[in-house]
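User: I'd like to learn how to read pockets and helix packing in a model. Can you walk me through them?

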Amino acid sequence: MTAPAHPHPSAALAEFAASLRFEDIPAPVLRRAEDLLLDTLGSILAGANARPVQAIERYAAAMGPAQGAAQVLITRRQTSPLFAAMVNAAAAHVVEQDDVHNGSVFHPAAVVFPPALAVAQALESSGKDLLVAAVAGYEVGIRVGEYLGRSHYKIFHTTGTVGTLAAAVTVGRLLRLDAGQMLHALGSAGTQAAGLWEFLRDAADSKQLHTAKAAADGLTAAYLAREGFTGAQRILEGAQGMAAGMSRDADPARLVDRLGERWALSETSFKYHASCRHTHPAADALQQAMHEYKLRESDLAEVVAHVHQGAIDVLGPVVDPKTVHQSKFSMGTVLALIARSGRAGLAEFDAALGDPAVAGLRGKFRMELDPEVDAAYPERWIGKVTVRTTDGRVLHARVDEPKGDPGNTLSRAEIEAKALQLGVYAQAASEVEVRGLIDTVWNLEKLPRVGALLPAR
């Protein structure tokens with residue numbers, strides 16, 4: 001199976017992914033990939049005890065093999081790549097600390113690294129192979145997310161839909177699919193792509209299913225392509241492809257935007273607060289206002305978060321959060337935590353759900369569509385708040401790059417500290433084990449074979 005001589009966008013992406021070599025990738029991009037991998041491992045371990053993740057792990061244990069070459073990080077058990085990728089992907093996306101790419105509104109890490117690790121372990125791939133596969137998954141996934149646009153994200157959870165294709169590309173690169181096979185993998189991945197935002201209204205567990213299935217279905221698509229299984233050749237831009245059914249503002253030029261020149265992976269942001277990324281700009285702006293004007297929570301009469309429409313679409317349905325996870329999609333809860341303690345971390349969210357003080361404060365915060373913020377989104381996520389104080393002052397604060405964005409990124413020391421905090425949070429790993437993971441990731445390029453990352457229990 002070979003790609004067409006004059007590739008259309010879907011085929012161009014497949015050709016890029018199949019032909020990408022370690023030597024093609026600039027060193028800063030590789031280092032960033034390592035940063036993102038460590039950040040993801042921390043998120044996976046932190047999600048170990050979440051009820052939806054435990055349910056998916058029990059399902060995987062019942063349906064998958066009891067032995068295998070791939071490691072389920074949260075339990076240390078070995079199984080097949082399919083089920084290890086499924087569980088690890090579910091765990092990566094539950095504490096809301098995994099990465100995000102602003103322009104595509106896509107969380108690549110949760111759907112790229114779990115299948116990359118599982119398949120690399122099964123194939124005994126090198127660290128270099130794993131890095132190349134991850135970069136391929138990021139580059140393709142981000143461009144597909146940008147292509148599908150804002151209208152897609154209004155209804156569909158991009159990480160679930162686009163994530164299926166990103167996972168397929170990642171695994172396909174490890175399997176060394178040629179361009180034609182990779183195109184078939186994209187076709188099979190795209191026809192399985194799914195994930196709807198309606199779950200937020202009910203505090204349902206679907207978000208973990210989105211990443212679990214994206215990782216597993218993308219892996220399936222790649223392995224099937226290796227066996228000669230065919231998929232739609234124009235799954236993205238075809239008359240009955242993804243854009244036709246899932247977007248009203250698709251921009252085909254975004255699919256092949258400077259492939260091999262613009263490294264979209266480097267544009268990815270780290271999450272600083274343990275909440276939906278749509279809350280971060282306003283949270284940072286409120287942090288700034290509290291510090292600059294020396295405010296206390298008792299000084300706040302009303303706070304208006306000036307936001308883009310995407311924030312209203314995703315966060316608006318969450319009025320009275322019923323679970324810790326749902327509270328991370330509540331702008332009122334996030335800003336209440338910032339006002340009360342100056343941060344919105346894992347421990348703060350755990351304590352907030354049943355706290356009447358947080359519930360009482362939540363009503364002082366509201367979102368308002370801001371034309372400037374909305375026009376800049378999704379390429380830029382501007383944070384603006386207006387604070388009305390109990391003594392009658394009207395104060396303003398603004399943040400142009402939230403903490404964790406490429407222009408305001410985390411240092412390696414900060415990434416290590418975050419990974420340590422996340423890794424021990426659910427007692428899925430000890431501090432010594434997390435430090436071992438840090439050492440492994442920082443030396444990944446030199447690793448001849450990717451094996452189990454944590455010792456068996």
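Predicted model: local features only at pLDDT ≥ 70, side-chain atom pairs only at ≥ 80, totals over all residues.

User: Which residues are the closest to the centre of the largest pocket?

Analyst: Ala50, Pro52, Val94, Val324 and His325, out of 21 lining residues. Helix 3, helix 14 (324-327) and helix 16 (346-352) each give two or more residues to that lining, and helix 14 has the largest share with 3. By class, the lining has 11 nonpolar, 6 polar and 4 charged residues. Domain 1 (9-271 + 415-446) and domain 2 (277-399) each supply at least three residues.

User: And where does the second largest pocket lie?

Analyst: Both domain 1 and domain 2 give residues to its lining, so the second largest pocket lies between them. Its volume is about 210 Å³. Of its 16 lining residues, Asn102, Glu267, Glu379, Arg380 and Pro406 lie nearest the centre. The lining's make-up is 2 nonpolar, 5 polar and 9 charged residues.

User: Now helix packing. What angle do helix 3 and helix 4 make?

Analyst: About 175°, with the axes 9 Å apart; helix 3 covers residues 51-63 and helix 4 covers 81-92. Angles over 145 degrees count as roughly antiparallel, and helix 3 and helix 4 are therefore roughly antiparallel to each other.

User: Which residues in helix 3 and helix 4 meet?

Analyst: From helix 3, Val53, Ile56, Glu57, Tyr59, Ala60 and Met63 meet Phe83, Met86, Val87, Ala90 and Ala91 of helix 4. That contact has 10 nonpolar, no polar and 1 charged residues.

Key: Residues numbered from 1 in each chain as written. Heavy atoms only, no water. Axes fitted to C-alpha atoms, helices over the stretch in contact; angles between N-to-C directions. Helix = DSSP H or I, 4+ residues; strand = E, 2+ residues; numbered from the N terminus. Parallel < 35°, antiparallel > 145°, perpendicular 65-115°, else oblique. Contact = heavy atoms within 4.5 Å. Nonpolar A, V, L, I, M, F, W, Y, C, P; charged D, E, K, R; others polar. 1 Å grid on protein atoms, 1.4 Å probe; cavity = no way out; pocket = protein on both sides within 12 Å on 5 of 7 lines; lining within 4 Å. Domains from an automatic or database assignment. Points joined across faces, edges and corners; volume = space filled by probe spheres on them.
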